[in-house]
Amino acid sequence: GLDVAEKLARALGANIREEVVHAVEGVDIAIRQGEVFGLVGESGCGKSTLGRVLAGILPPTDGELLWRGRDVAGLSRADRLEMRLAVQMIFQDPMSSLNPRKRVIDLIGEAPRVHGLVRAGEVDDYVASLMQRVGLDPAYRRRYPHQFSGGQRQRIGIARALAVRPKLIVCDESVSALDVSIQAQVINLFMDLREELDLTYLFISHDLGVVKHISDRVGIMYLGRVVETAGADDFFAAPNHPYTVALLKELPSVKDRRRDFTPIRGEIPSPLDPPPGCAFHPRCPRAMPVCSADLPALKPVAAAHWSACHLNDMPALRPASETAA
Ligand code: SF4
Ligand code: MG
């Protein structure tokens, strides 16, 4: 819960920037302003759910969600609305998240007009400038989503998110459905916008290759829990958790990185009925008797590096990093 998250924040040092969002029982992630936090896991591991909780779309089932240090459950309506606008999500399939019967000008311009961020008479110019900013021709603002390509629709989704002046953008597999070349363009756009607008990203993906490319910090989820989190450099140089080590071994080369990683031995158990103890134990090459009995807690293993594995309690066995190579 919160204890671990607080310790995590402390472990990261006093001079960290303002924490934007922070949360979820048993998950314990804290995202700091201006960073890209890459959240990785196989499909069905709960990372989309976590993204929705962090975006304020779903309430946390237990535990707390803190927004700028305050519990979201106790926010006033006005503050909650502010958070809802400040956190925007971009989904995998813009076709299903964009109303097909609305023109681009309304898709992008409606929310800022309704929330009083722009006056009715200025919506047209506002939308045009946003379209330009994301690389779309404003001349097309009266068109419908189906009249654009997949990559262009994703840009419409980005412009729509930007229209309400967000602080945190939750990208849920936002580039996964795009061709590799388009993927790179959209990622570059995300990174440019981050610089210009001081945006923070939670970048949810099954694609460790993409996450490696863009993240300042990384979290790995397995069946609803974060099992390891660390600064990106440390994470890739010295992974601790056996699941992470297995994922890194499976990290495809750049040329075929669209391949999903699944070849870790064994089936992924249902997240609704996870195995007892460490949920990874049926697939873990280093599992011990304690692993099926006790849930390992997320504990610090190095500076700003946390892992949930019983091996860390056994100095003689030590963590997995020596098996990474
Ligand atoms: Fe493997 Fe046990 Fe560590 Fe889980 S706690 S990752 S089963 S060694
Ligand atoms: Mg998902």
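A residue counts as buried here if 20 or more other C-beta atoms lie within 10 Å of its own, with C-beta atoms placed from the backbone.

**View 1. The whole chain, before we zoom in.** Welcome to a predicted model. By the burial rule, 41% of the 325 residues in the chain are buried. The chain's secondary structure comes to twelve helices and twelve strands. Among contacts with a separation of 6 or more, 64% are made by residues 24 or more positions apart.

View 2. Take a look at residues 217–222, which form strand 9. Six of the six residues are buried, so the strand is largely enclosed by the rest of the structure. In a regular strand, side chains alternate between the two faces of the sheet. Here, Arg217, Gly219 and Met221 point one way from strand 9, while Val218, Ile220 and Tyr222 point the other way, and all are buried.

**View 3. Strand 3 beside strand 9.** Strand 3 covers residues 36–40 and pairs with strand 9 in the parallel sense, over four bridges. To find your place, look for phenylalanine 37, whose bridge partner in strand 9 is arginine 217.

**View 4. The hairpin of strand 9 and strand 10.** These two strands run antiparallel and are joined by six bridges. One handy landmark is methionine 221, which stands opposite valine 226 in strand 10. Two residues lie between the strands of this hairpin, and leucine 223 takes a positive phi near 45 degrees.

**View 5. Strand 10 meets strand 12.** Strand 10 (residues 225–231) pairs with strand 12 (residues 305–307) in the antiparallel sense, and three bridges connect them. Look here for alanine 230, which stands opposite histidine 305 in strand 12.

View 6. Our last stop is ligand 1, which has 14 residues around it. Which of them come nearest? They are Cys278, His281, Cys284, Cys291 and Cys309. The residues of the shell around ligand 1 divide into ten nonpolar, three polar and one charged.

Conventions:
Residues are numbered from 1 along each chain as its sequence is written. Chains are lettered from A and ligands numbered from 1 in the order in which they are written. This is a predicted model: local features need pLDDT of at least 70, side-chain atom pairs count only at pLDDT 80 or more; totals for chains, interfaces and linings use all residues. A residue is near a molecule or strand if its C-beta atom, placed from the backbone, lies within 6 Å of it. Ala, Val, Leu, Ile, Met, Phe, Trp, Tyr, Cys and Pro count as nonpolar, Asp, Glu, Lys and Arg as charged, and the others, Gly among them, as polar. Two strands pair if DSSP finds at least two bridges between them. A residue is buried if 20 or more other C-beta atoms lie within 10 Å of its own, exposed if 12 or fewer, and partly exposed in between; C-beta atoms are placed from the backbone. Two residues are in contact if their C-beta atoms, placed from the backbone, lie within 7 Å.
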